[in-house]
Amino acid sequence: MTVLYGIGTVFRFILRIALLPVQAVLTLLMLAIGFIGGLANIVCWLLGAFFVIGGICLFINGSASLGWQGVIVGIVVAVVPQALTIWGAEGIGCLKELFGRV
């Protein structure tokens, strides 16, 4: 039993050392997602705002159907990249936590 414990300890030590580069790559990937996601969020937020403003203008001009479409498309364009950025960063964070428990 002591031999198995010793082998497990050595194996776990080797696995921790092997996972250090993976942890570093995941950290860099999380930072890259944060940076690129931030830029994409700004661009998509502006684009979504234009769609929403266009939809409101279409409401004023009397086209309710196109107005609703503009508002909905604007909201989707603004929200989806932000959700993907948050979910991606959280997913990588969970994966890093899983590797950290090893």
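**Reading the model**

Reply: Arginine 101 counts as exposed, at 63% relative accessibility. Please keep in mind that the model is predicted.

Me: Why does arginine 101 count as exposed?

Reply: A residue is called exposed when its relative accessible area is over 50%. Arginine 101 has 63% relative accessibility, and therefore counts as exposed.

Me: Which residue does the side chain of arginine 101 meet in a salt bridge?

Reply: As a general idea, side chains of opposite charge can pair when their charged atoms come close. Here the partner of arginine 101 is glutamate 97, with 3.1 Å from N to O. Glutamate 97 is partly exposed, its relative accessible area being 46%.

Me: How many salt bridges does a search of the whole structure find?

Reply: The search finds one salt bridge.

Me: Let us turn to the fold. How many helices and strands does the protein have?

Reply: The secondary structure comes to two helices and zero strands. The radius of gyration is 23 Å, well over the 13 Å given by the globule rule for 102 residues, so the protein is more spread out than a compact globule. Along the principal axes, the C-alpha atoms fill a box of roughly 80 × 25 × 10 Å.

Me: What share of the 102 residues is buried?

Reply: Buried residues make up 17% of them. The accessible surface comes to about 7,500 Å², and 82% of that surface belongs to carbon and sulfur atoms.

Me: Which residues make the nonpolar surface patch?

Reply: The patch covers about 1,100 Å² and is made by Ile56, Phe59, Ile60, Trp68, Ile72, Val76, Val80, Leu84, Ile86 and Trp87. The elements giving two or more residues to this patch are helix H1 (2–61) and helix H2 (64–100). H2 gives the most, with seven residues.

Me: Is tryptophan 87 buried or exposed?

Reply: Tryptophan 87, which lies in helix H2, is exposed, with a relative accessible area of 62%.

Me: Why does glutamine 23 count as buried?

Reply: The word buried applies under 20% relative accessible area. Glutamine 23 has 17% relative accessibility, and so counts as buried. Alanine 24 also lies in helix H1, and this alanine is partly exposed, with a relative accessible area of 40%.

Me: How many residues apart in sequence are alanine 24 and glycine 67, and what is their distance in space?

Reply: They are 43 residues apart in sequence, and their C-alpha atoms are 47 Å apart in space.

Me: Finally, how many disulfides does the structure hold?

Reply: In general, a disulfide is a covalent bond between the sulfur atoms of two cysteines. This structure holds zero disulfides. Cysteine 44 is buried, with a relative accessible area of 19%, whereas cysteine 57 counts as partly exposed at 40% relative accessibility.

Key: Residues numbered from 1 in each chain as written. Predicted model: local features only at pLDDT ≥ 70, side-chain atom pairs only at ≥ 80, totals over all residues. Heavy atoms only, no water. Patch = residues over 30% accessible without salt bridge, like charges linked within 9 Å, V, L, I, M, F, W, Y side chains within 5 Å. Areas by Shrake-Rupley, 256 points an atom, 1.4 Å probe, with all protein chains shown as cover. Salt bridge = Lys/Arg side-chain N within 4 Å of Asp/Glu carboxyl O. Helix = DSSP H or I, 4+ residues; strand = E, 2+ residues; numbered from the N terminus. Buried < 20%, exposed > 50% of the residue type's maximum accessible area, 1.4 Å probe, protein only. Rg over C-alpha atoms; globule rule 2.2 N^0.38 Å. Disulfide = S-S within 2.5 Å.
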